[in-house]
Each structure stands twice: as structure tokens, then as C-alpha cells.
Amino acid sequence: MRDDDQRPSQASTPASNLAARDAAHLWHPYTQMLTRPAPIPIVRGEGIYLYTDDGRRLLDGTSSWWVNIHGHAHPVLNDALAAQARELEHVIFANCTHRPGVELAERLVAVLPSGLTRIFYSDNGSTAVEVAMKMASQYWSNQGQRRRTFITLHHAYHGDTVGAMSASERSVFTQPFSPMLFDVVRAHAPYCYRCPMGLDRSTCRIECLGDDVCPVALSPESWASTLGAQLERLGSDVAAVLVEPMLQGAGGMIVWPAEFLAGVRRLCDQHGVLMIADEVLTGFGRTGRLFACEHANITPDIICLSKAVTGGYLPLGVTAATARIYEAFLSDDRTRTFFHGHSFTGNPLACALAIASLDLVRDTRAVEKVGQLEGWLRRGLEPLASHPSVGDVRVLGGVGIVELVSDKATKAAGGYLDDVGPRLTKAFLDRGVLLRPLGNIVYAMPPYVITEDETAWLTAQMCNVIDEVLGA
Ligand SMILES: *Cc1c(COP(=O)(O)O)cnc(C)c1O
């Protein structure tokens with residue numbers, strides 16, 4: 001109630017009064033409902049723009065939480081959804097099948113890193129990860145091995161359900177749930193700007209993998225946390241190594257050198273453990289390749305997809321596995337069955353949209369387009385590199401990232417940056433841009449259909465807002 005008392009119809013017309021009605025009954029994700037600003041009533045979307053109920057236009061700078069790739073209300077996707085709804089909206093997927101479900105599986109297998117030939121559907125990114133972890137665990141138990149350990153990386157984010165949350169880096173977001181979480185083993189991520197091994201980027205040989213040659217072996221404490229060392233130590237108890245290839249998203253938009261990704265695959269092979277690639281964010285072109293694993297030409301044993309899979313229209317999770325994983329579940333013994341499923345597994349509407357979205361990715365040369373976008377983002381954000389409050393500017397595919405610091409020399413990010421996110425968000429909104437910084441990380445991740453001029457305008461707003469809020 002407090003919200004609508006304080007901000008009567010500030011962001012909505014009296015006619016709809018959506019913000020006030022929202023305040024009466026809704027509970028929003030990741031939102032402190034007591035102190036939040038009034039929510040923005042969106043009545044329409046078209047292309048890269050969203051329209052508010054008081055007629056303002058906002059550029060959707062983060063693709064509506066990283067899901068949209070072809071723009072809002074795309075006519076091809078609208079038609080695919082309507083056509084499928086007229087035919088079959090949903091049916092149980094345990095003992096039935098349907099054309100969109102089969103066709104999407106065929107289409108995915110054709111474009112995924114080669115070897116990923118089995119498709120398991122679920123509902124969202126977190127469930128795609130839960131499914132992958134359960135698959136990996138049972139893969140071993142079906143062969144009479146109990147492997148209890150998952151290795152994940154620092155700064156990881158894999159979702160908000162309990163398994164995915166356990167795999168994610170511990171933070172203020174997971175702290176209240178710590179009694180529910182299971183332990184995983186953590187290894188260094190190649191966060192080059194803040195190198196966990198304290199190395200200089202120019203001399204780095206990706207030592208965070210823990211190669212024998214690592215000079216930091218002199219410092220046993222940090223070396224013990226490398227992926228190589230963890231695998232050496234835990235070896236046959238490890239079910240899988242779970243990583244976000246090339247771009248760790250919610251944990252700080254950390255961009256990897258491709259060599260690290262190749263190294264993860266190599267180490268998993270050496271130690272005989274499974275590799276799970278969480279491409280929930282990176283899948284379908286976001287990093288400038290259709291899948292981020294292509295940057296190192298690797299095939300994980302299991303891959304997790306969601307977010308952009310339906311073009312940003314409907315929730316759908318996909319967990320794809322190799323034949324080797326799948327075959328470990330084939331048995332006359334019923335207990336080897338993969339006992340997992342959801343009411344909406346294989347929803348035909350979501351599958352039909354995913355097929356139509358794959359058509360668009362092909363027909364619009366979307367991956368090439370993201371390659372161009374990468375260049376435009378680089379050019380637009382480059383001036384920020386010399387800004388006194390900017391520690392690092394990094395770009396990968398369609399994601400342009402600015403890491404703010406309160407002290408450039410020490411790379412400290414505390415102090416006056418603690419509450420910088422909401423101030424930046426407001427300044428962006430005033431300029432017609434919907435962006436949502438992750439703490440001190442300001443990033444743009446627009447739908448792929450953004451033009452060169454629109455990208456230049458968007459990056460100019462990022463430069464201007466950072467000047468305005470943090471001083472030039
Ligand atoms: C968003 C995200 C998830 C969780 O997906 P939801 O659909 O939000 O549950 C998992 N992994 C990564 C890498 C993500 O970015």
C-alpha cells in the first residue's frame with residue numbers, strides 16, 4: 001500500500017492505474033517491495049522498443065532479461081504462435097508426441113555442437129540446469145558409481161531453483177537459503193580484469209586452469225583452487241564440471257578467453273568427468289556464435305538452453321545430451337529410467353515458436369548480425385575506457401559491458417558504488433532506455449535487430465549517464 005500512497009499514478013494513467021493496482025496484490029522478482037520505485041506499465045512492444053501507458057518509448061537495452069533476440073511482437077513469431085494454438089496448445093509428453101516437439105529436436109540436433117543428439121525438454125533455464133545435474137548424477141549411478149561432487153566456478157550463476165542455486169556462487173541473493181543448499185566444489189574463473197592468479201593479461205597463459213607449469217604453484221593456496229587442481233584432488237568423486245561458456249552472466253558479465261573453455265573440456269576428458277555447458281544465456285547467437293561452445297570448437301557432454309530459444313516469447317528449457325549419456329539410461333531395469341518431468345514438458349506452443357525463431361535466425365543471418373553489433377558496441381563504448389570511474393570495458397558478441405570502480409588503481413568497487421545501480425537505472429529511464437545494471441556492472445544486451453544508428457545512440461546514452469551519475 002505504501003507504494004501507491006507515495007507515488008499515486010506517477011507512472012500510469014488514472015484510467016488504467018496499473019502501478020497502483022500492481023502494488024495492491026503483486027510481488028515482483030528480485031524486488032524489495034517496500035522501497036522499489038513504481039513499476040513501469042508497458043502496454044505494447046515493437047522491435048527493440050517498449051511503450052508505456054503514458055505514451056513513452058523505451059529502448060529495451062537488456063532484451064527483456066536476456067530473452068528477446070528478434071525484437072518484440074515479431075509478425076513471423078506472432079503467426080507461428082497463433083497457428084500452433086489453433087492446432088494443438090498442449091498435450092502430456094510422457095506417452096504422447098507431436099510435430100513441433102519432434103521437429104524442434106531435429107532442428108536443434110542439426111545446429112548444436114556435433115554429438116549432442118538427445119533432447120530433453122523442461123520449462124526454463126533453472127530447470128534445464130537441474131535436469132542436466134540430475135542426468136549427470138544418474139549417469140554415474142546407473143553404472144554403479146556414486147559420484148557426489150559437482151565442480152562449478154566462482155562468479156557462476158545457474159538459476160534460482162535449489163540445485164541450480166547450489167551450483168551458483170554464494171552471495172547475498174543465496175544467503176537466506178543457505179540451509180537448503182548443497183555443497184559444490186569451486187574453481188577459479190578466468191576473470192581477467194581481476195585475475196584470480198594475480199597475473200598480467202599480457203603474460204597470462206590461462207594458468208587459472210592449473211597447468212603444471214603454473215608459476216603460481218608457488219602459492220599453494222591459490223593454486224589449490226584451480227580447476228586442474230580440484231580435479232586432481234577429487235578425481236573419481238566428480239560427477240560433472242558445470243560452466244557458463246565464454247560469458248558468465250549474472251555473476252558479473254565476465255568474458256573468457258576461448259583457451260579457458262578449451263581447457264575445461266581437455267581437463268574433463270583427462271579426468272574422465274562430464275562437462276555440462278550452461279548456455280541458457282549464451283545460446284542462439286548472443287556471443288557471436290550460434291553457441292558459445294563454438295568459440296573453442298568443443299562439444300560438452302550436456303548442454304542447457306533456454307532464454308532466447310523461443311525468440312523471447314514463451315518459457316522453454318532444453319537439456320541436450322550425447323548418445324553416451326543417453327545410452328546409460330537404457331535398461332530392462334526400470335530403476336535406470338530418468339525420472340524427471342514437468343506438466344508442461346514439450347509444450348507445443350513453445351516448440352512451435354522455437355522452430356520459427358530458428359528459421360528467423362537462419363533467414364536474417366542473425367549470427368552474422370551479432371558480429372556487426374559487436375563492432376558497433378566496441379566503437380560506442382571505447383571512449384569510456386579512459387573514464388576515471390571505469391575499470392574495464394569488454395564486449396563479446398551482442399553484449400557490451402562496462403565495469404565501474406571507485407578507484408582505478410586498486411580496482412576497488414565499494415564505497416559510493418554500492419547503490420549506483422538504481423541511480424543509473426533511473427538516469428537511463430529519463431533518457432528512454434531500459435537498462436538494469438548488475439551492481440557496478442553496466443551492460444547493454446539489446447535484441448539483435450538493433451541498427452547501427454540505434455546502437456550508437458544507446459552507447460552514447462551509456463557514456464552520458466555514467467558521466468552524469470559518476471562525474472566526467
Ligand atoms: C538466466 C540463467 C539461468 C536461469 O534461467 P531462468 O529461466 O531464469 O530460470 C541459468 N543459467 C544462466 C547462465 C542464466 O543466465
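**Helix pairs and a ligand site**

Hi everyone, let's begin with two helices: the axes of H4 (residues 75–87) and H12 (residues 348–363) come within 9 Å and cross at roughly 150 degrees. Axes here are lines fitted to C-alpha atoms over the stretch in contact, with angles from 0 to 180 degrees between N-to-C directions, and helices are DSSP runs (H or I, at least four residues) numbered from the N terminus. That angle makes H4 roughly antiparallel to H12, the word for angles over 145 degrees.

A quick note on the source: this is a predicted model, where local features need pLDDT of at least 70, side-chain atom pairs count only at pLDDT 80 or more, and totals for chains, interfaces and linings use all residues. Residues are numbered from 1 along each chain as its sequence is written, and side-chain values use heavy atoms, leaving out hydrogens and water.

The second pair is H14 (residues 420–430) and H15 (residues 452–470), whose axes come within 10 Å and cross at roughly 125 degrees. H14 and H15 are therefore oblique to each other.

Now, the ligand. Which residues are around the ligand? Among them are Trp-66, Tyr-157, His-158, Glu-244 and Val-280, where near means a heavy atom within 4 Å.

For polar contacts (N or O pairs within 3.5 Å), a side-chain N or O atom of Asp-278 is 2.7 Å from a ligand nitrogen. Lys-307 also uses a side-chain N or O atom, 2.7 Å from a ligand oxygen. Gly-125 brings a backbone N or O atom 2.8 Å from an oxygen atom of the ligand. Alone, the ligand exposes 380 Å², and the protein buries 83% of that, by Shrake-Rupley with a 1.4 Å probe.

Key:
A polar contact is a pair of N or O atoms within 3.5 Å; within protein, one must be able to donate a hydrogen and the other to accept it, and residues adjacent in sequence count only if both atoms are side-chain atoms. Angles under 35 degrees count as roughly parallel, over 145 as roughly antiparallel, 65 to 115 as roughly perpendicular and the rest as oblique.
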